[in-house]
Amino acid sequence: MPTTSVATRYAKSLLHQAKAENALRDIHASVSLCHQILKTYGRLREVLKSPILHRAKKATVLQALFSGKVHALVLKFFDFISQRGREAILPEIMEAFLAQYDAIQGTRTAYLKTAFALPQSMIAGFEKLTQALCPCRAVTLVQDVNPRLLGGYILQVADKQLDQSLKQQLRVLQQHYGQDK
């Protein structure tokens, strides 16, 4: 997902502060948790984007949800974001932080969509394929099961996408042979 330059700057600021406090791994773990929760709960994203709710209320919601679960610096960062009225882009900020952290660590995140859950032996093969597409020290593979693909896979890493799904192949056949009529 693309992130805005504003989200990237806020993420860079959090990353810089995490380095300064020598808490980069702890902040990464906290941001990962926040990112997962924001990604999972669409209602929370709606609350953060709501123009009706006041900033203070949004800050209270974030503090109530994450207090005791994330690093204190992340809670302070939420207050910082709320003071500037940037709660709506918090998911993008979290995503940008994770991308910047991965770049520092030499890690790439790849997204794999398949029609069914894959065994670990096949996942290792996709990690090697990812390293061949985009050289890096390590790969974090996020698997998404989507039965509508029918079969095959879609691998997305950085700005590259390899669509080898049965659904895509059927679409190509239809386009190719559908024009001959």
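**Notebook: charges, rings and surface patches**

I began with E46, which is partly exposed, with a relative accessible area of 48%; for such labels I take buried as under 20%, exposed as over 50% and partly exposed as in between, with a 1.4 Å probe and protein chains only. I note that this is a predicted model, in which local features need pLDDT of at least 70 and side-chain atom pairs count only at pLDDT 80 or more, while totals for chains, interfaces and linings use all residues. Residues are numbered from 1 along each chain as its sequence is written, and side-chain values use heavy atoms, with hydrogens and water left out.

**Salt bridge**

I looked up the partner of E46 and found R43, the closest N and O atoms of this salt bridge being 3.3 Å apart; the rule asks for a side-chain nitrogen of Lys or Arg within 4 Å of a carboxyl oxygen of Asp or Glu. By this rule I count one salt bridge. R43 and E46 both lie in helix α3 (residues 42-49), three residues apart, about one turn of the helix, where helices are DSSP runs of H or I with at least four residues, numbered from the N terminus. R43 counts as exposed, at 62% relative accessibility.

**Aromatic rings**

I then turned to rings of Phe, Tyr and Trp (its six-membered ring), which pair if their centres lie within 6.5 Å, with planes under 30 degrees apart counted as stacked, over 60 as edge-to-face and the rest as tilted. The count comes to four aromatic pairs. One of them joins Y10 and F80 edge-to-face, at 6.0 Å centre to centre and 65° between the planes. Because Y10 lies in helix α1 (residues 5-20) and F80 in helix α5 (residues 72-83), the pair ties together parts that are 70 residues apart in sequence. Y10 is buried, at 14% relative accessible area, whereas F80 is partly exposed, at 28%. I also recorded that Y10, F77 and F80 form one aromatic cluster.

**Surface patches**

Last, I looked at patches, which are made of residues with over 30% relative accessible area and no salt bridge, like charges being joined within 9 Å and nonpolar side chains (Val, Leu, Ile, Met, Phe, Trp, Tyr) within 5 Å. K113, R148, K167 and R171 gather in a patch of positive charge on the surface. I placed K167 in helix α8 (residues 166-178), and K167 is partly exposed, with a relative accessible area of 36%. L150, L166, L170, L173 and Y177 make a nonpolar surface patch of about 500 Å². L166 lies in helix α8 and is partly exposed, with a relative accessible area of 36%.

Note on methods. Helix = DSSP H or I, 4+ residues; strand = E, 2+ residues; numbered from the N terminus. Areas by Shrake-Rupley, 256 points an atom, 1.4 Å probe, with all protein chains shown as cover. Lys, Arg positive; Asp, Glu negative; His and termini not counted. Charge placed at Lys NZ, Arg CZ, Asp CG, Glu CD.
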